[in-house]
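Subject: Structure for you to look at

Hello,

Here is the structure I said I would pass on. Please open it beside this email and follow along.

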Amino acid sequence: MKIAFYTFGCKVNQYETQALRQQFAAQGWEVLEFDHQGGWDAVVVNSCTVTAEGDRKTRQLLRRLRREHPGAAICLTGCFPQAFPGPASAIQEADVVTGSKDRRGLSDALDRFLSTGERVVDIRPHQPGEGFEAIAPVREFGRRTRAFVKIEDGCENFCAYCIIPTARGPVRSKPMAALQSELEALARSGYQEVVLAGINLSAYGREWGGRLIDAIEAAAATPGLRRVRLGSLEPDVIGPEDFSRMAAAGKVCPQFHLSLQAGCDATLKRMGRRYDTAHYLSSVEEIRRRFPQAAITTDLMVGFPGETEGDFLESVAFARKVGFAKIHVFPYSPRPGTVAAGMAGQLPPEEKRRRAAELIAAGEVLRREFLEGMAGTTQEVLFEEGGPGGQEGYTANYTPVVVPEIQDLRGRMERVVIDGLAPGEGQLLGHLAE
């Protein structure tokens, strides 16, 4: 029997899909790469529900799969069914529907459908106090030269715009012993860089008195691992002592995705965020004091309900003040089931698009300034791809670099002198150091 997987959404979803691939392979399934040509007996769609647009894309893909592959068993899993079990269960194109809680149970649900021909809907609700799901650790990431490690699940922040606490449940953290075992196995497999990922990564260990820095120090102390990279961080949880210990660990990558959402205190308050711009800026200053040439990246939302033109311009000005290395800009879209969806002051789509375009343009200027500032420096680059245009990889602060070398450097970490911007690619151009 042959099976394929399609993933929407974040690094945690990608990790979980890879774990499912391993699980099905261990049970005797032949795992194929997803393409619309098919050739598989079953397909799993791992969904994201951060936006209503994500749900629409999931529905669209399921309809297409049913139309093009009428004989295949189609499984819908992930955050969409977990957050909206009624609408997800009503999608008749899916033969099996499960949520984000019981990943290991997906194979049993698919077996039941294949045995009986009867549709299976098994969405198990999250419960207070539930533990971290011990899915099989991921040992292989295809052609990737870095490994992802899911160490945390769930979120309890309940920001006004966000459905994720409903989709993912309470905070649960991977036990330290299991984490250490997984890190050691990845190092033995030859991975030099690991990315610690979670739904609310900063909350790691909260339920049993641990902290994220404990996981970071464990990763940095693992022989064979040379880089430890972090997923998105919440600025109200990570403080000066954490950054000090990260710097002392010696292997933490100087790239910090510090979630902002808005650079205006009034907007942050309406969003239900738990910090203000002064606190955020102090975190940025602490990072830069501990990590020279750190890349600070973020997410910024425009058009949140009640956001005035003045609020928006305040956000743009704050972004410039911080000097982000990269900004992910997105217009607010109402999410059913959230507080913000019912708020007064909803902005028209065209105004949100205008603000997004303006902020994107400002972000592009900041990005170019950051890249130009790296010219003349020498960086360690972990190479990932190669081709006629040269060898491509990433610096520790996650800046893409291309080196015009013919020799295959994939999987190697080499010192590179940065010459400047590569033409039209948003990359840096460099050459191997002597």
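Which strands form the closed barrel, and how many are there? The model is predicted, and in it a closed barrel of 5 strands runs in the order β14-β15-β16-β18-β17, with mixed pairing. On average, neighbouring strands of this sheet are turned by 50° against each other, if direction is ignored.

Strand β14 covers residues 378–387 and strand β17 covers residues 413–421; the two pair in the antiparallel sense over 5 bridges. To find the place on screen, look for E380, whose bridge partner in β17 is R415. As background, strands of a sheet pair through backbone hydrogen bonds, either parallel or antiparallel.

Both senses of pairing turn up again around strand β7, residues 146–153. This strand is mostly covered, with 8 of its 8 residues buried. With strand β9 (residues 193–198), β7 pairs in the parallel sense over 6 bridges, and R146 stands opposite E193 in β9. With strand β8 (residues 172–173), β7 pairs in the antiparallel sense over 2 bridges. There, D153 has R172 of β8 as its bridge partner.

Next, the cysteines. How many disulfides does the structure hold? The count is 0. C155 is in no disulfide, and the nearest cysteine sulfur, that of C162, is 6.4 Å away. For C159, the closest cysteine sulfur is also in C162, at 6.2 Å, which is too far for a bond, because a disulfide needs the two sulfur atoms within 2.5 Å. Are C155 and C159 buried or exposed? C155 has 11% relative accessibility and so counts as buried. C159, at 9%, counts as buried too.

Last, a pair of helices. Two packed helices are described by the angle between their axes and the distance between the axes. Helix α8 (residues 212–220) and helix α9 (residues 240–249) pack at an angle of about 5°, and their axes are 10 Å apart. Angles under 35 degrees count as roughly parallel, so α8 and α9 are roughly parallel to each other. On the α8 side, the residues in contact are I213, D214, I216, E217 and A220, and they meet D242, R245, M246 and A249 in α9. By class, this contact of α8 with α9 has 5 nonpolar, no polar and 4 charged residues.

Regards

Definitions and conventions:
Residues are numbered from 1 along each chain as its sequence is written. This is a predicted model: local features need pLDDT of at least 70, side-chain atom pairs count only at pLDDT 80 or more; totals for chains, interfaces and linings use all residues. Side-chain values use heavy atoms; hydrogens and water are left out. Two strands pair if DSSP finds at least two bridges between them. Helices (H or I, at least four residues) and strands (E, at least two) are DSSP runs, numbered from the N terminus. Axes are lines fitted to C-alpha atoms, for helices over the stretch in contact, and angles run from 0 to 180 degrees between N-to-C directions. Buried means under 20% relative accessible area, exposed over 50%, partly exposed in between (1.4 Å probe, protein chains only). Angles under 35 degrees count as roughly parallel, over 145 as roughly antiparallel, 65 to 115 as roughly perpendicular and the rest as oblique. Contact means heavy atoms within 4.5 Å. Ala, Val, Leu, Ile, Met, Phe, Trp, Tyr, Cys and Pro count as nonpolar, Asp, Glu, Lys and Arg as charged, and the others, Gly among them, as polar.
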